[in-house]
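Hi there,

Here is the structure I promised to pass on to you. Have a look at it first, and then read my notes below.

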Amino acid sequence: MATDATPSGTDSLGPVVGLFVAPGSRLPMQTRYEVVVEDGRGIVGDRYHAARHRQVTVQSVEELDAAAVEHGAPIDPGGTRRNVTLGSGRLDRTPGARMRIGGVLLEVVRDAAPCKLLEDALGRDARLALHRRAGVVCRTLEGGRIVLGDRASRV
């Protein structure tokens, strides 16, 4: 039986529809066509590269759309400060859950809380609308490349 933490149905999470990095804390996110992800280190060139656990953040357009309805305005995937945006599906927020995006294998560490910069840009109501919809924080088990259009799935 599915719970809020465990998605039901297909293992597909759709294609990668957005890739973003920020070279430093509080710096604007930069859109990318492709990122390189290193084993146990995360995305090369991102502020969290070589962090212990917060190496890659992943979100879903489906969850952002639900948050936008509650917020009353669209939520730009690049404005949420997450690295990878997937085209469909609800993310499994269970620590230890795994997903493959292109050739990269990720393991969920925790639910991603909406960041302070998002609240500053969109207001407190956006942060509240994104509760349990702001993506997941992952560590990298197998590195590789992620390119826009790559398929993502639960494993």
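**Salt bridges and burial**

E142 has a relative accessibility of 34%, so E142 counts as partly exposed; that class sits between buried (under 20% relative accessible area) and exposed (over 50%), worked out with a 1.4 Å probe on protein chains only. Before going on, please note that this is a predicted model, in which local features need pLDDT of at least 70 and side-chain atom pairs count only at pLDDT 80 or more, while totals for chains, interfaces and linings use all residues. Residues are numbered from 1 along each chain as its sequence is written, and side-chain values use heavy atoms, with hydrogens and water left out.

Which residue does E142 pair with? The side chains of E142 and R100 form a salt bridge, 3.0 Å from N to O; the term means a side-chain nitrogen of Lys or Arg within 4 Å of a carboxyl oxygen of Asp or Glu. R100 is in strand β7 and E142 in strand β9 (residues 136–142), so this pair ties together parts that are 42 residues apart in sequence. Helices (H or I, at least four residues) and strands (E, at least two) are DSSP runs, numbered from the N terminus. R100 is partly exposed too, with a relative accessible area of 27%.

By this rule there are ten salt bridges. Another of them joins R93 and E63, at 3.0 Å from N to O. Since R93 lies in the loop between β6 and β7 (98–101) and E63 in helix α1, the pair ties together parts that are 30 residues apart in sequence. Are these two buried or exposed? Both R93 and E63 are buried. Salt bridges with shared partners also join E63, R93, D111 and R132 into one network.

R47 and D46 meet in a salt bridge as well, at 3.1 Å from N to O. D46 has 5% relative accessibility, so D46 counts as buried.

**A charged residue without a partner**

R81 is found in the loop between α1 (61–71) and β6 (84–86). R81 is buried yet has no salt bridge, and the nearest side chain of opposite charge, D46, is 7.2 Å away. For charge, Lys and Arg count as positive and Asp and Glu as negative, with His and the chain ends not counted. What does the side chain of R81 reach? At 2.8 Å lies the backbone oxygen of L27.

**Pocket and cavity**

The largest pocket holds about 180 Å³ of space. It is lined by 13 residues, and the closest to its centre are R47, Y48, R54, R81 and C115. On a 1 Å grid over the protein atoms alone, a pocket is an open set of points with protein on both sides within 12 Å along at least five of seven lines, a cavity is a set where a 1.4 Å probe fits but cannot get out, and lining residues have an atom within 4 Å of a point. Grid points are joined across faces, edges and corners, and a volume is the space filled by probe spheres set on the points.

There is one cavity of 30 Å³ or more. The largest cavity has a volume of about 50 Å³, and its lining includes L13, M99 and R154.

Happy exploring!

Definitions and conventions
Polar contact = N/O pair within 3.5 Å; in protein donor to acceptor, adjacent residues only side chain to side chain.
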